[in-house]
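Have the sequence and the 3D view open as you read.

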Amino acid sequence: MNIILLGPPGAGKGTQARYLVETRGMVQLSTGDMLREAKTSGTDMGKKVAAIMDAGKLVTDEIVIGLIEEKLTTETGAGFIFDGFPRTLAQADALAALLAKLGQSLHTVIEMRVDDDALVDRITARSTCSGCGEVYNDKTKPIPADGRCTNCGEQKEFTRRADDNEDSLRTRLMEYYKKTSPLIGYYYAKGDLRPVNGLADISEVTASIEAVLG
Ligand code: AMP
């Protein structure tokens, strides 16, 4: 079963993807994570995309399609969760072609619906455990006083993303509405789209996703 988690930055795609990895043994393919890794390890590609990512713009289709193609042929599990990919119509077409080449298909596209105010609140207050990726929020889920992650139990660093600031968030939202939101119509027309309310509590969103996946 291969699924896409579709939604603007801060919709909760990563949080829900991690849950599906843990409970269903699926493989999370986050192009954002792959690009951040390339940036941190200082590869040529990482250097090329660093400024684009920090500004909140989309990197080229060619780069992300290449990253996904490589993972599709090397990773195995109980299906792929595409998180933050596809983000353009060209990426969506490329994904369909890649899956077809592997004799696979897309099961469903979960659209995580949230409003912009909630996104700004979530993103500007967000930090992540560098050990396990658990997401914290300064207001609703602060980092524990003892510095120990509630998920993995480790005392790792809690990091904030370079692009989680108001300026770059404004650009990321604009990129989403201009280039990614057309995918909602694209997958609706294909009969693949299943909307869930991304504003609910994390566990309620999880339950809605479970209900869609069956
Ligand atoms: P994310 O972690 O999904 O919010 O992605 C962080 C940043 O990585 C985005 O703002 C883009 O600069 C870049 N990025 C991630 N996925 C894609 C994609 N599918 N297409 C183009 N750029 C992407």
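Helices (H or I, at least four residues) and strands (E, at least two) are DSSP runs, numbered from the N terminus. What you're looking at is a predicted model, where local features need pLDDT of at least 70 and side-chain atom pairs count only at pLDDT 80 or more, while totals for chains, interfaces and linings use all residues. Residues are numbered from 1 along each chain as its sequence is written, and side-chain values use heavy atoms, with hydrogens and water left out.

Start at strand S3, residues 80–83. Phe-80 and Phe-82 point one way, Ile-81 and Asp-83 point the other way, and all of them are buried. Now look at what S3 pairs with; two strands pair if DSSP finds at least two bridges between them. Strand S1 (residues 3–6) runs parallel to S3, joined by three bridges, with Leu-5 opposite Asp-83. Strand S2 (residues 27–30) also pairs with S3 in the parallel sense, over four bridges, and here Leu-29 sits opposite Phe-82.

Next, the cysteines. UniProt, in an unreviewed entry, puts a "binding site" feature at Cys-129, Cys-132, Cys-149 and Cys-152. These four span 24 residues in sequence, yet no two of their C-alpha atoms are more than 8.8 Å apart, so they gather at one spot. A caution on that record: its positions follow the numbering used here, feature names are shortened, and annotations may be inferred rather than shown by experiment.

Cys-129 belongs to strand S5 (residues 126–129) and is buried, at 1% relative accessibility. Counting contact as heavy atoms within 4.5 Å, and leaving aside neighbours within four places in sequence, Cys-129 has partners including Cys-149, Cys-152, Tyr-136 and Phe-158. Cys-152 is in the loop between strand S6 (135–137) and strand S7 (158–159). Cys-152 is partly exposed, at 30%, and Cys-132 is partly exposed too, at 23%.

Key:
Buried means under 20% relative accessible area, exposed over 50%, partly exposed in between (1.4 Å probe, protein chains only).
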